[in-house]
Every structure is written in C-alpha cells, then in structure tokens.
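Subject: Structure for you to look at

Hello,

Here is the structure we talked about handing over. Please open it alongside this email and follow the residues as they come up.

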Amino acid sequence: MTDYGSDMADDAADVLVLRKGTHGIPIERYADALRDRLPDRTIRLARTPSEEREAIRHAAFVTGMVLEDDLLEVAENLEVFACAYAGTGHLPLDRLEEHEVAVTNASGVHGPNIGEHVLGAILWSTRRFHVATRRQRRREWRHYQAHELQGSTVTVVGMGAIGRAVCTRLEPFGVETIGVRYSPEKGGPTDEVIGFEEGPFHEALARTDYLVLACPLTETTRGLVDREALVTIDPNATIVNIARGPVIDTDALVDALRSNWIRSASLDVTDPEPLPEDHPLWNFGNVQITPHNAGHTPEYYDRLADIVAENARRFEADGSGGELKNRVRL
C-alpha cells in the first residue's frame, strides 16, 4: 500500500490532491491515477484537514472537488485549481479571479456514463418498463401497450460533452434530433440546431417526443421548462433531466403529470434536492427518480486524471494557465 503520509515530507509538490472524494470512491485512487500518468513528478495527497492547510501554502497546482474559503486564504502560491467536477458553480470563482488563479473543470469525464443513463431513461419510457415492473411485482401476467423510439424527435438542450455523447448514442435508433445551445451558429451533432429564444424553442417543443436537459444552470436555463413549455410540448413526450433540478419548474411539472400534459419524466436531479420524502413526485408511476446518480462511473478518476495530468504537463512547460484544457473563463 502506498504511504500517502510520506508525501508530506517535502514542502511542495508538482500536484496537490485535496482529500474530498466523490461517488464513494476513495480519493487515493485519484492520486494513484495521477501518479501512473506523471511518474516523474511528485503527487501529494493531503489526507487530513491540517495536511491540506499546510500543503496548500506551497502548492502552485492543486486539484480537488471543492476549494473552501479558508484554504484559498492560505494558498499563497496557487496558480491553477483543477476542479474535479464538470460544474464549478460551487467554487469561490470571484475570489479565484481576484487571486489570478486559473480554473479548469472535468468537462468530458461524464460523457459515456451519462449518455448511457439518458439512453436507458428514454428506453424505460419508450418500452414502458415501469409498467412491467409494477405488474411483475404483483405477479400479474397481463400485456400492455408500448412505444417505438424509431421515428421520434429528440430535443437535447445543451451541446457540451454530455449533450454530444447523448446524440452519438441516439444515432443508431433512427430519430430526428434538435440541439439547443447558446450559439446555434456553431452547429452540432444534430439534424437541427436552435438557440434559447422563446419562439424557436417552443416550436421545437411542439414536435418533441423526448426532451433531454443536459445544460448548465444559468440565468437563461433556470426555469426553462416552465408551465408554458409544459403546455406546449407534445403531450406524448418524455422529459429526461440530468442537468440541474431548477432547470424545470417543479410545481409546473407536478401539475403537468397530474393533468397528463406529458407522458413521463426521468429525473436524476430535482428541485429541491434531495427530494423530500413527502414530495408528490415520488408517487407518480410514470416518474423515474435516481438520486443524482447519472454521474457515477468506475472510470471517473481515470478519465479525470487524463485531463489533469495533461494540464500539469502544460503548466510545467508554459509556466502559466494560458494553454490549459477545459479552462473556465472567470
């Protein structure tokens, strides 16, 4: 077993790994993955709060899930923070900008697993596996009607790594695809690309059979799927949300499900989150709820280490954060 405590012998390391892990996978695996990719560099894992506070004083390149204010306060030499999540909204970005710290994210790490999650959710609704599960639980051998995915229209909101991964996995199924992004002139791996303007978006909803939300939570996307959108969307549609809960107006979604405005919903994220035990969304037979679990994959640290190790090399060669992959514009 690696002696992680011995890493603290030197004042500085090429890469400092903070102690918080994710998905229940020990953070040691992330440190080991970085060591495999950077055998000639020193990778230090700060495994306790005191080790973090001491090590970050000397560190120029730090990676981790979170960066608390008290750590940033003592990070006197910090130049790069490689966030181990794709989203960075939880970070003190204003303060990082003030300190002139370059920030990168883990965009691309989740493409395969979340793409598969979305495809599974779509097929769950199409073939109505939730109905089969209820009848199996009752030991009831009784046929039910299902649907076909082929020939459907799938609208994917967000053309980042996850949205593109979803589109790639849909290609063999013979569907029409609509992509929604901030800059539609950039195109995308869909048959059609539109922006977030209300007119084009609602027109797309009116012919959408499956709406996949794979966008960041911003001022534009907060409440994007509101009452008007839920009334407009094809009543035979399914909504799959692997973005953030507040992209959907939860009260409007509950009304839509009660009034049969949509066929079903698959929610990996909710608003509020965690979803309270007494929330009505738990009780709908046509709602699939997973506990923000689409991001889980046993390959997480390996994919993350590929990105961060490459950035550590670039930082060493360039001496700045200018050429880093996945750099977040602050």
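Does Ala165 count as buried or exposed, and what is the relative accessibility behind that answer? Ala165 counts as buried, because its relative accessibility is 8% and the cut-off for buried is under 20%. Before going on, please keep in mind that this is a predicted model. Ala165 belongs to helix H7, which covers residues 161-170. From Ala165 to Asp302 there are 137 residues in sequence, and the two C-alpha atoms lie 18 Å apart in space.

Helix H5

Helix H5 takes in residues 111-126. Among the buried ones are Gly111, Asn113, His117, Leu119, Trp124 and Thr126. If you want to see how side chains are arranged around a helix, remember one rule. An α-helix has 3.6 residues a turn, so residues three or four places apart point the same way.

After H5 comes Arg128, with a positive phi near 55°. Arg128 sits in the loop between H5 and helix H6 (129-137). With a relative accessibility of 26%, Arg128 counts as partly exposed.

Backbone exceptions

Most residues other than glycine have a negative phi, and most peptide bonds are trans. Arg128 is not a glycine, yet its phi is positive, about 55°. His23 is another residue other than glycine with a positive phi, in this case near 60°. The loop between strand E1 (15-17) and H1 holds His23. His23 is partly exposed, with a relative accessible area of 28%.

Which peptide bonds are cis? One runs from Asp271 to Pro272, with omega near 10°. Another runs from Glu273 to Pro274, where omega is near 0°. Pro272 is placed in the loop between strand E11 (264-267) and strand E12 (287-289), and Pro274 is also found in the loop between E11 and E12.

A negative patch

Together with Asp249, Asp251 and Asp255, they form a negative surface patch. Asp249 is located in the loop between strand E10 (238-241) and helix H10 (250-258). The relative accessible area of Asp249 is 31%, so this residue is partly exposed.

Salt bridges

How many salt bridges does a search of the whole structure find? The search finds 14. Here are some of them.

Arg41 forms a salt bridge with Glu316, and their closest N and O atoms are 2.7 Å apart. Arg41 is in the loop between helix H1 (27-37) and strand E2 (43-45), while Glu316 is in helix H11 (residues 300-318), so the pair ties together parts that are 275 residues apart in sequence. Arg41 is partly exposed, with a relative accessible area of 24%.

Arg95 has a salt bridge with Asp69, at 3.4 Å from N to O. This pair links distant parts of the chain, since Arg95 is in helix H4 (residues 93-98) and Asp69 is in helix H3 (residues 69-74), 26 residues apart. Both side chains are partly exposed residues by their accessibility: Arg95 has 23% and Asp69 has 43%.

Arg95 also meets Glu73 in a salt bridge, at 2.7 Å from N to O. Here Glu73 in helix H3 is linked to Arg95 in helix H4, and the two are 22 residues apart. Glu73 counts as exposed because its relative accessibility is 53%, and the cut-off for exposed is over 50%.

Asp302 is the residue whose C-alpha lies 18 Å from that of Ala165.

Regards

Notes: Residues are numbered from 1 along each chain as its sequence is written. This is a predicted model: local features need pLDDT of at least 70, side-chain atom pairs count only at pLDDT 80 or more; totals for chains, interfaces and linings use all residues. Side-chain values use heavy atoms; hydrogens and water are left out. Patches are made of residues with over 30% relative accessible area and no salt bridge: like charges are joined within 9 Å, nonpolar side chains (Val, Leu, Ile, Met, Phe, Trp, Tyr) within 5 Å. Accessible areas come from the Shrake-Rupley method with a 1.4 Å probe; for residues, only the protein chains shown count as cover. A salt bridge is a side-chain nitrogen of Lys or Arg within 4 Å of a carboxyl oxygen of Asp or Glu. Lys and Arg count as positive and Asp and Glu as negative; His and the chain ends are not counted. The place of a charge is taken as NZ of Lys, CZ of Arg, CG of Asp or CD of Glu. Helices (H or I, at least four residues) and strands (E, at least two) are DSSP runs, numbered from the N terminus. Buried means under 20% relative accessible area, exposed over 50%, partly exposed in between (1.4 Å probe, protein chains only). The expected span of a helix is 1.5 Å times one less than its number of residues.
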